[in-house]
Amino acid sequence: QNNMKKILVAAYLTFSITAFAQKNITVDEAPRPMSKDTQFSYLVEIPQAKVKQVEKDWLKYISIKSKGKATVVNGENLQTEAVYKNISPNPFNVYSKLVETTDGVNLTVWLTDNNAAFISKTPNSIEDLAVQKYVRDFAVQEYKLAVEEELKMERNKLNDIEKQQASLIKDEEKSNKKIND
């Protein structure tokens with residue numbers, strides 16, 4: 001019976017480890033529809049994340065050093081006067097939309113200058129790479145948090161199984177003692 005328990009725990013651990021296979025985070029650039037027609041955007045999938053937590057963290061992330069307000073316009077988040085010197089020396093506006101999927105959360109981002117002109121990037125230009133990095137860094141941060149949370153839950157499950165195993169072993173030892181007596 002002890003061998004069976006050990007096999008179950010080993011199988012559980014093997015399953016848990018394979019469940020944590022790392023996914024590659026990439027930013028997909030393309031024109032996408034938004035509240036102001038179809039505009040050039042950056043889309044990233046954040047695996048294993050939950051939309052409520054990602055939205056809270058995203059709004060905090062884009063508001064760092066911002067001089068403007070965060071609002072919701074036509075179902076999109078809008079942060080005015082965002083500041084990130086690698087993207088632009090001037091404040092810019094960040095429109096974004098978060099959608100929960102079966103695999104995690106999709107984050108789509110559109111940028112405008114302060115005159116509301118959409119910032120269309122030349123692929124692989126310095127600005128374009130800076131926006132990709134800005135969006136990807138956030139996605140990696142959120143993916144890491146989601147995996148840490150999942151790992152914590154799996155460790156709690158393992159602790160519960162180990163407690164059950166210890167209880168079963170104790171019960172078995174008591175039964176063997178009764179039989180021997």
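A residue is called buried when its relative accessible area is under 20%, exposed when that area is over 50%, and partly exposed in between, using a 1.4 Å probe and protein chains only. The structure on screen is a predicted model, in which local features need pLDDT of at least 70 and side-chain atom pairs count only at pLDDT 80 or more, while totals for chains, interfaces and linings use all residues. Residues are numbered from 1 along each chain as its sequence is written, and side-chain values use heavy atoms, with hydrogens and water left out.

**Stop one: Thr108**

Select Thr108, which lies in strand β6; strands (E, at least two residues) and helices (H or I, at least four) are DSSP runs numbered from the N terminus. Thr108 counts as buried because its relative accessible area is 11%. Show its contacts (heavy atoms within 4.5 Å), and, leaving aside residues up to four places away in sequence, Thr108 touches Arg32, Ser41, Tyr42, Leu43, Tyr95, Ser96 and Lys97.

Arg32 is buried at 14% relative accessibility, whereas Asp28 is partly exposed at 40%.

**Stop three: the nonpolar core**

Next, select Leu107, whose contacts, again not counting residues up to four places away in sequence, include Ile46, Trp58, Val135 and Phe138. Leu107 is among the residues with the most contacts inside the largest nonpolar core, which has 29 residues; such a core is a set of buried Ala, Val, Leu, Ile, Met, Phe, Trp, Tyr and Cys residues joined through side-chain atoms within 4.5 Å. Colour β2 (37–47), α2 (51–63), β5 (92–100), β6 (104–112) and α3 (126–180) to see the elements that each give two or more residues to this core, with α3 giving the most, 8 residues.

**Stop four: along α3**

Staying on helix α3, select Asp137 and Lys133, which lie 4 residues apart, about one turn of the helix, and form a salt bridge with closest N and O atoms 2.6 Å apart. Then select Glu154 and Lys157, also both in α3 and 3 residues apart, whose side chains meet in a salt bridge at 3.4 Å, N to O. Here Glu154 is buried, with a relative accessible area of 13%, while Lys157 is partly exposed at 41%.

Conventions:
Salt bridge = Lys/Arg side-chain N within 4 Å of Asp/Glu carboxyl O.
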